[in-house]
Amino acid sequence: EGGKTYYLRLVEPPRSIALVFDNSSSIRNYTVAIFRALGRFVQAVQPKMEFANVLPLMAKPKFLMANWSDQPYVLQAALQQYDQSDASSNSELGLLAATEALERREGSKAILLLTDAATDGYDTTDDLWTAFGRVLPRIFTMELQLGNLVQMQQHLMQDWASANDGHYSSFRTVADLDMAFDRMSCYLRRPVRYVLTLETRFEEAPAPGRIEVTMAPEAVANN
C-alpha cells in the first residue's frame, strides 16, 4: 500500500559443518597438530548460528556424536574422548557420509576435509558426485602434501573443493594448518549478501457498488 513504511527482518539460517579428518598411519606424525587445529575451530563455534559434528575417516563411517551440536564444550569433549583407533584413508566414503548427513540439515551446509588424499575410495566416486549435486555442500579441503602421488592427490582435493564454491588449501607445518582453518572460518562466517527485489503496480480504485438484502422464501412463509 502506497504511503506506508514497511520493515523487513532478514535472518541468516544456521550453518551445519561436518568436520571430516584422516587418522591413518600416513599422517600420524601430524595428529597432535590436526587435533589442536580442530579444537581451536570448535572452540569458536557460534551457538544457535553453527552446528557441527565430527567424522573420522573409517571403513563404516559414523559421526562421533549422535546429534549435531552448537556448543563448543560438547564438540571439544567429543574430540578429547575419541580413541583415535580408526585408520581408514577412504576420503570418498567419508565425504559421501558427511554429504548424506547434511542433506537432512536445514540452512547452509559445509564440509571440512583434512587428509593427505592417499585414498582407496575411487569406486564411490559416482555416488559422491551425485550427492554433491543434490545437497550442494561447500567443501573446504586441507591437504597434507605427502607421498609419491602428490599431484594426483592434489587434483582430487581441488576437484572436491570446486564442487560448490569451496576452497582448497595445503599444509606441511602447524602454521600452514592454522592459516587454512582461519581462512575457512573467514569464508564461513563473513556477512551474507542479500538481494531485495521490489515490484510495484498501480490499480484503479474499485467503482461504487451496492448491496441487496433479500429474504429466503422459507423465512417469508414463516412470517
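Is R134 buried, exposed or partly exposed? R134 is partly exposed, because its relative accessible area is 44%; buried means under 20% relative accessible area, exposed means over 50%, and partly exposed lies in between, computed with a 1.4 Å probe on protein chains only. The tour returns to R134 below.

The model is predicted: local features need pLDDT of at least 70, side-chain atom pairs count only at pLDDT 80 or more, and totals for chains, interfaces and linings use all residues. Residues are numbered from 1 along each chain as its sequence is written, and side-chain values use heavy atoms, with hydrogens and water left out.

**Stop one: the sheet**

Please display the strands first. Helices (H or I, at least four residues) and strands (E, at least two) are DSSP runs, numbered from the N terminus. The model contains an open sheet of 5 strands with parallel pairing, in the order β2-β1-β3-β4-β5. Two strands pair if DSSP finds at least two bridges between them. At the edges are β2 (50-56) and β5 (167-171), each of which pairs on one side only. From one strand to the next, the twist averages 15 degrees.

Select β1 together with strand β3 (residues 108-115): the two pair in the parallel sense over 7 bridges. Within this pairing, S16 stands opposite K109 in β3.

Axes are lines fitted to C-alpha atoms, for helices over the stretch in contact, and angles run from 0 to 180 degrees between N-to-C directions.

**Stop two: an aromatic cluster**

Next, select F21, F35 and Y82, which form one aromatic cluster. A search of the whole structure finds 8 aromatic pairs. Rings of Phe, Tyr and Trp (its six-membered ring) pair if their centres lie within 6.5 Å; planes under 30 degrees apart count as stacked, over 60 as edge-to-face and the rest as tilted. The ring centres of F21 and Y82 are 6.0 Å apart and their planes stand at 85 degrees, so this pair is edge-to-face. It links distant parts of the chain, with F21 in strand β1 (residues 15-21) and Y82 in the loop between α2 (72-81) and α3 (91-102), 61 residues apart. F21 counts as buried because its relative accessibility is 0%, and Y82 is buried with a relative accessible area of 8%.

Now turn to F35 and Y82. Their ring centres are 6.3 Å apart and their planes at 15 degrees, so this pair is stacked. F35 lies in helix α1 (residues 31-43) and Y82 in the loop between α2 and α3, so the pair ties together parts that are 47 residues apart in sequence.

Select E143, found in strand β4. A salt bridge is a side-chain nitrogen of Lys or Arg within 4 Å of a carboxyl oxygen of Asp or Glu. Leaving aside neighbours within four places in sequence, E143 is in contact (heavy atoms within 4.5 Å) with residues including T115, D116, Y168 and F171.

**Stop four: salt bridges**

A search of the whole structure finds 7 salt bridges. Select R36 and D178, whose closest N and O atoms are 3.0 Å apart. This pair links R36 in helix α1 with D178 in helix α6 (residues 174-189), 142 residues apart. R36 is partly exposed, with a relative accessible area of 42%, whereas D178 counts as buried at 15% relative accessibility.

Return to R134, whose side chain meets that of E103 in a salt bridge (2.8 Å, N to O). R134 is in helix α4 (residues 125-135) and E103 in the loop between α3 and β3, 31 residues apart. E103 counts as partly exposed at 36% relative accessibility.

Salt bridges that share partners also join E12, R15, E50 and R189 into one network. Within this group, the side chains of E12 and R15 meet at 2.8 Å, N to O. E12 is partly exposed, with a relative accessible area of 24%, whereas R15 is buried at 5%.

**Last stop: V192**

Finally, select V192, in the loop between α6 and α7 (217-222). V192 and E12 are 180 residues apart in sequence and 7.6 Å apart in space, C-alpha to C-alpha. V192 is partly exposed, with a relative accessible area of 39%.
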